[in-house]
Amino acid sequence: MGVCTKIAFTRYMRSGRKLGPDPQLALVDARFGRVPVRLYRPRAPSAGLRPGAIFFHGGGWLYCSIDSHEKICRYIAKESESVVVSVGYRLAPEHKYPAAYEDCLNATIHFMRNTEHYGVDPARISVCGDSAGGNLAAAVSQTLAGRSDLPKLRAQILIYPGLQALDFNLPSYQQNRGVPLLFRERAAFFALQYLNGDASHMQEVLKGSHIPPDMRMKYRKWVSPDNIPEKFKVRGYKPHKPHEFKAEVYETMKRFCEPNLCPLLAEDAVIQQLPESFILTCEFDVLRDDGLLYKKRLEDNGIQVTWYHLEDGFHGIMSLYGYRVLKFRSAKRGLDRIVKFLKGL
């Protein structure tokens, strides 16, 4: 089968299905401008305005949907007594970067400008996402950090986010390269499909041939195994020397270094304006170190970070919450920590 056929088949398998009514929630499908969304509003009376959480689903920018993350959003809305908005952003490769980012940004701005319609406190709005959705939440948070015409975000919640595409040989990439649900090669494949709709240079990216030496040196202060605590290297890590730089490859993916695609590369002046943050990482996840590196950057810039690490967790575990066959206690533990964080804001 061709790549497009494989993507279409996997998309169908991972799209999820809309669940039936929930007696505790009012569910409304709507559009914020051109962006489809689903609102989850608790039915129980509230003494005042509720917190709001805008959720961006994961799936490597290629897969999943509002329906695939329905159980997560329902749980967060009910347990935290928040109004949750799940965003159905456009998917790659049909819609390349920055389409998904723009949809998430526009949906967030629309919600922030119309909070009175949803009974939401404009001072208690958070962005949240898992995996690629965590990437989008971080990018949206950075973009809104300097806006004076909108309410300030109260928090960002990043669930095993992918935050950089410079180094696919960090310790977590080496240790978990073959661990489901996200293999090392697939992480690079997804990033390339989102960027260009073309993964033909995937091997060069995995070897590190896509980044000029001067640029690699520039970002080494933020993207480096040296910034990963030693305890996360004990399962086996061998320092990697990037292969020879290939300018022709770099020319096709210069935008890899844009913060809206790789939020870990944002300048300190932007990081310093970010809201309080929650970061969840999993031990058996290639993206673990992206979360650890961003945690360090935030803390180094004075941002309060609540970090929760699932020692027995793997990438994508949260999206399996609520399925009877695939039941993992750590998924609920992670969700409960997110709810606790939201209720404490």
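The lining of the largest pocket comprises 24 nonpolar, 15 polar and eight charged residues (Ala, Val, Leu, Ile, Met, Phe, Trp, Tyr, Cys and Pro count as nonpolar, Asp, Glu, Lys and Arg as charged, the others, Gly among them, as polar). The model is predicted: local features need pLDDT of at least 70, side-chain atom pairs count only at pLDDT 80 or more, and totals for chains, interfaces and linings use all residues. Residues are numbered from 1 along each chain as its sequence is written, and side-chain values use heavy atoms, without hydrogens and water.

The largest pocket holds about 1,000 Å³ of space. A pocket is an open set of points on a 1 Å grid where a 1.4 Å probe fits, with protein on both sides within 12 Å along at least five of seven lines; lining residues have an atom within 4 Å of a point. Of its 47 lining residues, R14, G59, C64, L181 and S319 are closest to the centre of the largest pocket. Helix α6 gives the most to this lining, four residues (helices are DSSP runs of H or I, at least four residues, numbered from the N terminus).

The second largest pocket holds about 330 Å³. Its lining has 19 residues, with D167, R216, R220, P225 and H240 nearest the centre. Helix α8 (residues 213-219) gives the most here, with four residues.

Now the helix packing. Helix α3 (residues 99-113) and helix α4 (residues 132-145) pack at about 55°, axes 10 Å apart. Axes are lines fitted to C-alpha atoms over the stretch in contact, and angles run from 0 to 180 degrees between N-to-C directions.

Conventions: Helices (H or I, at least four residues) and strands (E, at least two) are DSSP runs, numbered from the N terminus. Grid points are joined across faces, edges and corners, and a volume is the space filled by probe spheres set on the points.
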